[in-house]
Amino acid sequence: TLDMADNGNNPDTVTLTIDGREVTVPKGTSLLEAAKQVGEEIPHYCYHPGLSAPAQCRLCLVEVEGAPKPLPSCVTQAQQDQVVRTQSEVALGARTGVLEFYLVNHPLDCPICDQAGECDLQNYVHREGRPHGRGREPKRVFGRDDFGGDVLYYGDRCVMCTRCVRFMNEVEDDARLCVVERGDRSVIDTFFEQGLEGTRWAGNIVDICPVGALVSKDFLFKARAWDLDHTPSVCTSCSQGCNIMLHTRDNAVQRLKPRENLEVNAFWMCDQGRSNYEWMNRSDRIEAPLVRRGERLEASDWRQALDGLAEALRAQDGPVTVIASPGACNEDLGMRAGLLATLGGGKGVFRLPMAPDEDVLKGFPGLARRRELAPNAAGARAVGFERVGDDGASGGLADLPATAGTLIVLGDQLTDQEADFGSSVGLFVYLGTHGSPAAEGADFVLPTTTVAEQEGTFTNLDGRVQRFWPALQPPGMARPAWLVLGALNAVLTDGDVPTDAAGAFAQVAQSVAAFSGLDYDTIGTRGALMAEPAQLAGD
């Protein structure tokens, strides 16, 4: 055994050579992962970093000096002074042969397959496959099977990598899938009549399928992969804060996919979060500032609306109350602090819908469908908002000023309130994306953007501040709430308006201790913990 401590090397790492380039990796690292460190992606099917490695697809073969035959790189651990060749004639010949076997029965479904454009089989064959096929026999035919839930299975396309089976067994811990039959008759199937209905995580098997064998019913034939724009974002369905990608086309969200972050959601997301996107595409949006003139709300431009609102605020006496949505970002919620300081103080409250219980992903217990069904309740608490109402996010607004004062609603659509809500207060201001009977009673209705249309940050239940980016163009004159509130405060104080989301966050961080030391560069794409996570205690 080589004593690496004696020669000055780190005993927890090994140094080897891959394709002529020296690389040092932790002990236990597979050759497949080590090759990534030198920029070499070895073709593979059955291997996935979040699952066990059965080494059954035999596609990730590489040449290792001294080994009698090519070795599967997914289970071969890197060794000290090892010499590995991923692009040698032996390695390429082995992989080309394996790919030819896969194509013997694989149908030519590329023109109609949802996976076309992001299919590993297409990519690998284009890169390392034979230029022409030699098959003459009819291909096997299994047809299509409805697995239940949102999942369809095309058996003809399946390469039997068993990622889906291992996910259900190892990660969801709900063994509903298995391999039946043997040899070239093997197919994935459910147990008897038990499908994937009722599961909360089965959508992940569509994500990890390397070909078009498992597809989403919701996305079926909706768009081609190369037509989609990908934008990093954060799931808004609960306080877990799963990192996701918004896949958009024609200024509409087409689907949501998990984005890797081992500190938050690894490679996974729940089915409820995955399907919760159509609200971003609603067309019944507030598109222009509305100002009450007598019994009517009339459209205005931003200058007139903000000047009129500033004048109305200066004329108001009494308490100021802000009702915010925990779906609003830190920048939106934080800008309210500066506005309240200008107005002489006030209180902020939010209502929070709650699920009956949590649904923990057993194979990755740090991920769950959380009880808090909003992405930024922790951020709301951090900037000084207090929770009111019941677990259904209804009620809790009976203590509003009865005859005087100012009421500002930020993001809460007030769908459970009567049409005369806020009629007794001195000034009622509503900032939101969609209208409601209660919102129509406001004196000023100001259009804001959704999370898909702006840049900002959410704080998840662990106190991790995470960024999201704009994927859609906002409708009409809608603007981010932080910009509206910042501009309003600037009109009241003759101050400066934050010019971008990073500047708005920096302004909030100056007044909120929990965000001190954080900026957009520090947060990056993986998030950063708040300075004072103790403030995240539940209600």
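The charged end of Arg157 sits over the ring of Tyr154, 3.9 Å from its centre; a charge counts as over a ring if NZ of Lys or CZ of Arg is within 6 Å of the ring centre and within 35 degrees of the ring normal. Arg336 likewise lies over the face of Phe385, at 4.5 Å from the ring centre. The model is a predicted one, in which local features need pLDDT of at least 70 and side-chain atom pairs count only at pLDDT 80 or more, while totals for chains, interfaces and linings use all residues. Residues are numbered from 1 along each chain as its sequence is written, and side-chain values use heavy atoms, with hydrogens and water left out.

The structure holds 9 aromatic pairs (rings of Phe, Tyr and Trp, the last by its six-membered ring, with centres within 6.5 Å; planes under 30 degrees apart are stacked, over 60 edge-to-face, the rest tilted). The rings of Phe147 and Tyr153 are stacked, because their centres are 5.0 Å apart and their planes lie at 15°. Both Phe147 and Tyr153 are buried (under 20% relative accessible area, with a 1.4 Å probe and protein chains only). The pair formed by Phe505 and Phe515 is tilted, since the centres are 5.5 Å apart and the planes at 50°. Ring pairs also link Tyr45, Tyr102 and Tyr124 into a cluster.

Strand S6 (residues 144–148) pairs with strand S7 (residues 151–154) in the antiparallel sense over 4 bridges. Strands are DSSP runs (E, at least two residues), as are helices (H or I, at least four), numbered from the N terminus; two strands pair if DSSP finds at least two bridges between them. Asp145 stands opposite Tyr153 in S7. The hairpin has 2 residues between the strands, and Gly149 takes a positive phi near 65°.

A further open sheet of 3 strands has the order S11-S12-S13, with antiparallel pairing. Its edge strands, S11 (229–234) and S13 (252–258), each pair on one side only. S11 and S12 (residues 243–249) are joined over 6 bridges, and Val234 has Asn243 in S12 as its bridge partner.

The largest nonpolar core has 61 residues; such a core is a set of buried Ala, Val, Leu, Ile, Met, Phe, Trp, Tyr and Cys residues joined through side-chain atoms within 4.5 Å. Among the members that touch the most others are Tyr45, Phe167, Leu177 and Trp268. Helix H4 (163–171) is one of the elements that give two or more residues to this core, and its share of 5 residues is the largest. A second, separate core of 53 residues includes Ala324, Leu333, Leu339 and Leu485.

How values were computed
Buried means under 20% relative accessible area, exposed over 50%, partly exposed in between (1.4 Å probe, protein chains only).
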